[in-house]
Amino acid sequence: MAFIGDADPFTASIPATKVELTVSCRNLLDRDTFSKSDPICVLYTQGIANREWREFGRTEVIDNTLNPDFVRKFILDYFFEERQNLRFDLRLEKPLTNEDGSYTICHKTEVVKNTLDPVWQAFKIPVRALCNGDYDRSIKVEVYDWDRDGGHDFIGEFSTSYREMSRSQSQFHVYEINFTVAIDFTASNGNPSQPTSLHYMSPYQLNDYAMALRAVGEIIQDYDSDKMFPALGFGAKLPPDGRVSHEFALNGNPQNPYCTGIEGVMEAYYQSLKSVRLYGPTHFSPVINHVARYASAVTDGSQYFILLIISDGVITDMAQTKESIVNASSLPMSIIIVGVGPAEFDEMIELDGDEERISSQGRYAERDIVQFVPFRDYIDRRGNHILSMARLAKEVLAEIPDQFLSYMRTRGIKPGPLPPPYTPCPPPAINPLLTRRVSRI
């Protein structure tokens with residue numbers, strides 16, 4: 001389980017955040033003959049490029065237990081934008097000591113004189129010194145009436161455990177993050193049946209849309225308990241009447257646009273290419289407004305919304321898109337735009353707002369919520385698609401933590417306990433976005 005350290009979420013370095021991992025195990029196999037095993041846990045991390053496993057660190061050895069709660073923690077740099085694979089190996093060491101049920105003094109308080117209502121000073125003690133990492137081990141607290149001659153009189157005692165004492169402590173700050181995908185189905189992408197098309201479905205490799213979708217989506221889905229994502233398309237003529245839509249469900253069901261995991265989104269994307277007709281023009285504002293409607297209903301900091309737009313070129317509703325972004329900049333929302341293909345992306349760069357804050361009709365965006373990246377800049381020249389997708393995901397997701405925290409700061413929202421489930425009232429056609437939960441430091 002991941003426990004929150006001392007880092008302040010509003011001052012922690014971005015994009016890297018320190019994450020503290022604590023390891024607990026239950027019902028391990030007993031490999032010792034005359035006592036229980038003495039386990040130790042070894043953590044390995046995996047490199048992105050060479051995929052090699054390297055030892056990161058080790059816990060202490062806990063004697064004579066099959067249910068260890070290790071005290072020594074692993075503190076790692078956490079990157080929202082990367083998939084960081086970890087491996088935990090459990091090893092059994094030779095026994096060092098046996099417990100006989102006796103108590104060992106691990107702390108004495110100061111003496112509080114001349115009162116029947118004493119309040120002792122707070123103190124800190126390592127968990128290993130308190131209970132040797134066994135959260136269920138009995139802890140006895142004894143109270144004595146101090147005498148100068150050392151003959152202290154026993155007053156009373158009580159027994160507890162570390163687990164009981166820590167039960168009331170909240171270890172997580174939890175937020176719900178809503179992730180939506182929007183894919184460009186305009187004719188400028190080319191005929192999907194032709195190898196020159198950006199939507200071409202090759203039996204041998206993913207096209208740029210699919211790589212971009214998988215690269216970002218596979219990072220996002222690791223934070224989602226149910227792994228359900230709404231997926232939208234824009235710029236296509238839909239069956240059966242051929243009407244042009246800039247906000248349609250990829251799975252063909254406007255009342256239930258949810259797809260199961262990124263594989264479900266990929267399947268819906270491929271099926272849409274077989275059923276819709278690529279057309280145009282390229283309008284971003286409808287899908288931005290779609291997500292903004294839900295974000296505007298939840299402004300207390302309990303939820304955050306992320307929209308991924310994948311497109312091949314020129315935006316034809318630039319004025320409306322700017323207005324939509326300016327309006328959304330005051331909402332708990334971020335927009336990721338991935339440009340695919342060889343086109344010039346000057347307009348998308350303008351939307352990014354890194355050099356100059358975007359404006360519309362004299363109003364400036366309250367904060368920068370857009371991150372644009374041309375996929376071609378991150379494609380590995382040796383044809384390593386895994387490395388290409390890792391580079392893309394790292395770049396496009398790098399600003400999300402800072403954008404998330406900027407919204408919380410401007411609203412004065414501090415991390416809090418788990419919010420109650422939220423069920424918004426959906427506008428017509430598309431149901432509410434499904435949520436996922438992310439622990440933040």
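This is a predicted model: local features need pLDDT of at least 70, side-chain atom pairs count only at pLDDT 80 or more; totals for chains, interfaces and linings use all residues.
Residues are numbered from 1 along each chain as its sequence is written, and side-chain values use heavy atoms, with hydrogens and water left out.

**The whole chain.** With the chain selected, there are nine helices and 21 strands to find, taken as DSSP runs numbered from the N terminus (helices H or I, at least four residues; strands E, at least two). Of the 441 residues, 46% are buried. Among contacts (heavy atoms within 4.5 Å) with a separation of 6 or more, 74% join residues 24 or more positions apart.

**Helix α8.** Select residues 385-397 next: the 13 residues of this helix should span 18 Å at 1.5 Å a residue, and the end C-alpha atoms are 18 Å apart, which agrees; the expected span is 1.5 Å times one less than the number of residues.

**Ser329.** Move to the loop between α6 (318-328) and β17, where Ser329 lies; because its relative accessibility is 1%, Ser329 counts as buried. The side chain of Ser329 reaches the backbone oxygen of Val326 at 2.7 Å. Leaving aside residues up to four places away in sequence, Ser329 touches Ala365, Glu366, Arg367 and Ile369.

**Ser193.** Finish in the loop between β9 (174-184) and α3, which holds Ser193. Is Ser193 buried or partly exposed? Ser193 has a relative accessible area of 47% and is therefore partly exposed. The side chain of Ser193 makes a polar contact with the side chain of Asn191 at 2.8 Å, a polar contact being a pair of N or O atoms within 3.5 Å of which, within protein, one must be able to donate a hydrogen and the other to accept it, residues adjacent in sequence counting only if both atoms are side-chain atoms. Finally, show Leu273, which is 80 residues from Ser193 along the chain, with a C-alpha separation of 9.3 Å.

Terms used:
Buried means under 20% relative accessible area, exposed over 50%, partly exposed in between (1.4 Å probe, protein chains only).
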